[in-house]
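Subject: Structure for you to look at

Hello,

Please find the structure below, followed by notes on what was found in it.

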Amino acid sequence: MAKKPFTSIISWLFLVMVLLAFCSIAARAIIKEVLIDGLGMDNALTQKAFPAGDGGGKVQVTGDDGSTDWSLTYPFQEQSATVQVSFLQELKNRVTEAETALTDYCKQMLPYYDTLVTQTSAMQEKIGWNITAYPEYNAIAQVTGDYYATVLEKQDMTENIRSVSLLQDYCESLGAGFLYVQAPYKICKYTDNVVGDFSNENADALVSGLQQAGVSYIDMREEIHNAGFDHHSLFFVTDSHWKPRTGLWATGVIAQRLNNLYGCNIPLTYFEQDQYTAQVYEDWFLGSQGKRLTLARANPEDIELLYPTYPTDLRFYAPALGVDLTGDFSVVYDMKHIETKNYMYLTPYSAYAHSDSAVVRYENHLAPNDTKILLIKDSFANVVAPFLSQGVAQLDLLDLRYFNGSVETYIAETQPDVVMVLYNPGNLKEIDWDTHLSTFDFR
């Protein structure tokens, strides 16, 4: 009788491992959902299924889930502008949401998932597997040493330029000023050459088009270069975001431009580095790229919470998060994201501005002026908005990843003095006018 080939044995071993993993997930799910959550049997025996150091069962601190229908509060001004998502698109969105939720749940329920992923990453490094498999985008590339970045594909910015220009026109028709802020990307325009990445090319195309269209803008990449900063030092090593102190510096640049363009009278001293003290959390933060690489290939880094030394009194209101706080500057921080060191399941950067949410309002009770600003933003603004709020009377934030209402209606009803858009190159994506899900759809 012929012996089974080696490949057949490996296939059977792999099948057994998959079945064991499935059974483990099912068993732990039953223990958690039925015994612990359902019957309240949270005791030493049931907790043995979730030993210390095992990521299973730990749930991330979540923010805005996007479930609020803002189109009811801020409806589209014209019927023709109201866009209905097609049945197929809605089905696709629901399937994607379900797939993501199921994947995350299985990760939590698989015993020693974090350990398995870390060991796999370590093995990949030893055998020399590439981090990025081109042309796979949104994958991680090694820029220099331990400095990693996410690769972005090429985008056509034609419609984005037109959309921003139309937004400026609309703001000016209501007597409001406008400013587009191009945040930098982790990959430096001047010193880095990452094959297959188009982050800076996309930003260049957008900024060039805005300039030709007469749109007011700041290119923070050029501001950084002209200031002579070391680009890499302004960003987290394991995350895509710029550091809080970089955001503080950028706020000063933005405030100066607002003063020059629109006479906002924002005191620039509010954004000087020596006006802040820092609470440093050492080796506390493993960013999104570090989480994918795991601790086998990425090292945790420090993160700071910055506090003004001057008096502060403000209201922070984020209705979709159920947050309405009044007090000193500390109300801008959601400490649940940072009070516990958890590399794989918490993101300390999200402590700033309580992470992302569709609609947020800052009211400054010690405002040096009566200026009202609307900032349409992505997560890079989370370390800008808290500081900028100290220099104006009111700062509203809209995050179009979660806000499905009409931007034009929001502007008309809230009547800001200035409207700003702040996006990093990761948000420069072509517009799908049929779904109203694009971050550059400002209707």
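Arg-315 and Asp-324 join their side chains in a salt bridge, with N and O 2.9 Å apart. A salt bridge here is a side-chain nitrogen of Lys or Arg within 4 Å of a carboxyl oxygen of Asp or Glu. Arg-315 has 21% relative accessibility and so counts as partly exposed, and Asp-324, at 43%, is partly exposed as well. The cut-offs are these: buried is under 20% relative accessible area, exposed is over 50%, and partly exposed is in between (1.4 Å probe, protein chains only).

Before going on, note that this is a predicted model, in which local features need pLDDT of at least 70 and side-chain atom pairs count only at pLDDT 80 or more, while totals for chains, interfaces and linings use all residues. Residues are numbered from 1 along each chain as its sequence is written, and side-chain values use heavy atoms, with hydrogens and water left out.

Around that salt bridge

Asp-324 is in strand E8, and so is Leu-325, the strand being residues 323-327. Strands (E, at least two residues) and helices (H or I, at least four) are DSSP runs, numbered from the N terminus. Leaving aside neighbours within four places in sequence, Asp-324 is in contact with Arg-315, Phe-316 and Tyr-317, where contact means heavy atoms within 4.5 Å. Asp-324 and Val-360 are 36 residues apart in sequence, and their C-alpha atoms are 9.9 Å apart.

Leu-325 is partly exposed, at a relative accessible area of 34%.

Other salt bridges

How many salt bridges does a search of the whole structure find? The search finds 16. One of them joins Asp-204 and Lys-189, at 3.1 Å from N to O. This pair links distant parts of the chain, 15 residues apart: Asp-204 is in helix H6 and Lys-189 is in the loop between E3 and H6. Asp-204 is partly exposed at 29% relative accessibility, and Lys-189 is partly exposed at 31%. Both residues also belong to a network of salt bridges that links Lys-189, Asp-204, Asp-219, Arg-221 and Glu-222.

Arg-245 and Glu-304 form another salt bridge, their closest N and O atoms being 3.0 Å apart. Arg-245 is in helix H8 and Glu-304 in strand E6 (residues 301-308), so that this pair, too, links distant parts of the chain, 59 residues apart. Arg-245 counts as partly exposed at 27% relative accessibility, and Glu-304 is partly exposed at 22%.

A charged residue without a partner

Is Asp-197 buried or exposed? Asp-197 is buried, yet it has no salt bridge, and the nearest side chain of opposite charge, Arg-221, is 9.1 Å away. For charge, Lys and Arg count as positive and Asp and Glu as negative; His and the chain ends are not counted. Asp-197 is in the loop between strand E3 (177-182) and helix H6 (199-212). Beyond its neighbours within four places in sequence, Asp-197 is in contact with Thr-150, Val-151, Leu-152, Tyr-185 and Ile-187.

Two helices

Two packed helices are described by the angle and the distance between their axes. The axes of helix H7 (residues 220-227) and helix H8 (residues 244-262) come within 11 Å and cross at roughly 110 degrees. That makes H7 roughly perpendicular to H8. Axes are lines fitted to C-alpha atoms, for helices over the stretch in contact, and angles run from 0 to 180 degrees between N-to-C directions. Angles under 35 degrees count as roughly parallel, over 145 as roughly antiparallel, 65 to 115 as roughly perpendicular and the rest as oblique.

In H7, Met-220, Glu-223, Ile-224 and Ala-227 meet Trp-249, Ala-250, Val-253 and Arg-257 of H8. By class, this contact of H7 with H8 has 6 nonpolar, no polar and 2 charged residues. Ala, Val, Leu, Ile, Met, Phe, Trp, Tyr, Cys and Pro count as nonpolar, Asp, Glu, Lys and Arg as charged, and the others, Gly among them, as polar.

Positive phi

Most residues other than glycine have a negative phi. Asp-283, in strand E5 (residues 276-285), has a positive phi near 50 degrees. Gln-415 has a positive phi of about 50 degrees and lies in the loop between helix H11 (407-414) and strand E12 (418-423).

The whole protein

The protein has 11 helices and 12 strands. Of its 443 residues, 47% count as buried.

Regards
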